Structure formats: C-alpha cells, structure tokens
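Biologist: I would like a close look at one part of this protein. Please take me through the helix packing, then the surroundings.

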Amino acid sequence: MTSTPALLNRILVAILGLKLLAIGLLLVLLATVPAVATWWHSWSEDAWQGINQAFNNTRFPGRPESWLWIVVVLVTLLLMGLMVAWVAQQGKGRSNQLVSDDDAGEVAGDVRIGGGVAEQALKQALAERPDLAGATVATYEVNGSPALKVRLLPRQGVAPHLLAAEVATLVEALDAVVGKRTPVLIHIGAGARTRFSRAERVR
C-alpha cells in the first residue's frame, strides 16, 4: 500500500552486498595469497599512472588544473541528488489522518480524526483475541483517500475466512463510531509462529 520502491531497494541492497562480498574476498586473498598481492600491486600502480596521465592530458591551457575535477564534482552532486530522492521515497504512503470533513453544524469548522484513533481501537480489540499471535494496524493514503491495513498473524488451526469476517465486523463497528466508511485491507500472514498459508481480503 505504500509507494516505497521495494524492488529498487532489493536491487540496491543486492548490488551493495555483492560489492562488499567482493571487497572482503579480495582482502582475504591479498592477505593469504602472495600471487594475488603481487598482481594487485602491479595493477594498482598501472591504474594510478593511468589516472594521473588522464588528469595531465586534460589541463586547462596555461594552468595546472584539470577540467576532469569539474566532471568529478558534477557526478558527485548528481549522486547526492539521487540519494536524497531515493531516501525521500522511503515509507511514502503512510498517513496520520483518518477523517477530514467540513462540519455542517451551527459553528463553522473542520472535523479531523487521526489515524491513531482507529489504530489503537482495533489493536485493543484484537489484542484480546487468543487465536492471534500478533496484529498490527496502520493508516495509509491511497489515491488521496485514507485507508487501513490490518495485518494478522493467526495461530495454527485458525480458519482465515472466519477470522477475516470477524475483523470486518470490528471495522464496521469502527465505521459506525467514526461516521465514515474507510477502505480496509485485511492481510492474514504466516510466520514462524503461525505456520499458516497467506491470505488477503479487501473490503
């Protein structure tokens, strides 16, 4: 329900993990295999000479500075911008507001109900159920409207359709109290504590 780029995150984590694995393996080989250490010294010396040569060949006329430093700065700024944009995408979609409406009473104003009201009410009701190993409730914004996600971890042997129906009844009672029907995703998951097949129900 969030717009967090989960696939991109997994790809970046995989790339970072492979790089760290390669670096660690190289360090182990450098410390234990003399032939690898000899190759590394030769390769690094040639690479350093090549870099120095590239900077020497790209100097400004009559000056010792190379314009490659400008390219390095621009690439660094681009990477920083991409990192900031990536961080800004994390966790998007969460909301802290469940209801926002105009008050049609005698006194003009707005009625606002925070998502924490629904979250705490449902958590309290679900916490007393012995057939659940765990339950979490969160408020999200989907297409500009608030919605609830109820994630349940039932104990082994609990029928998921009956559990979903009972939770839907709790949500309907919450709608009656709040005065507005809220879309709800009921996610019935499996974990080490449940050993149960996964099911989802959208109301």
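How are helix 1 and helix 2 oriented to each other: roughly parallel or roughly perpendicular?

Modeller: Bear in mind that this is a predicted model. Helix 1 covers residues 6-32, and helix 2 covers residues 34-57. Their axes come within 5 Å and cross at roughly 110°. An angle from 65 to 115 degrees counts as roughly perpendicular, so helix 1 and helix 2 are roughly perpendicular to each other.

Now the residues in that contact. Helix 1 brings L26, L29, L30 and T32. Helix 2 answers with P34, V36, A37, W39 and W40. By class, the contact has 8 nonpolar residues, 1 polar and no charged.

The whole structure holds 4 of them. One joins F55 and W69, with 4.9 Å centre to centre and 45° between the planes, a tilted arrangement. This pair links distant parts of the chain: F55 sits in helix 2, W69 in helix 3 (residues 68-88), 14 residues apart.

Next, the strands. Strand 3 (residues 132-142) and strand 4 (residues 145-154) run antiparallel, joined by 10 bridges. V137 has V150 in strand 4 as its bridge partner. The hairpin leaves 2 residues between the strands, and N143 takes a positive phi near 55°.

Last, confidence. The pLDDT averages 80 over the protein, and 82% of the residues score at least 70. Residues 193-201 fall below 50. Even so, that stretch has 31 contacts in the model beyond near neighbours in sequence.

Conventions
Residues are numbered from 1 along each chain as its sequence is written. This is a predicted model: local features need pLDDT of at least 70, side-chain atom pairs count only at pLDDT 80 or more; totals for chains, interfaces and linings use all residues. Side-chain values use heavy atoms; hydrogens and water are left out. Rings of Phe, Tyr and Trp (its six-membered ring) pair if their centres lie within 6.5 Å; planes under 30 degrees apart count as stacked, over 60 as edge-to-face and the rest as tilted. Helices (H or I, at least four residues) and strands (E, at least two) are DSSP runs, numbered from the N terminus. Axes are lines fitted to C-alpha atoms, for helices over the stretch in contact, and angles run from 0 to 180 degrees between N-to-C directions. Angles under 35 degrees count as roughly parallel, over 145 as roughly antiparallel, 65 to 115 as roughly perpendicular and the rest as oblique. Contact means heavy atoms within 4.5 Å. Ala, Val, Leu, Ile, Met, Phe, Trp, Tyr, Cys and Pro count as nonpolar, Asp, Glu, Lys and Arg as charged, and the others, Gly among them, as polar. Two strands pair if DSSP finds at least two bridges between them. pLDDT is the predictor's confidence in each residue, from 0 to 100.
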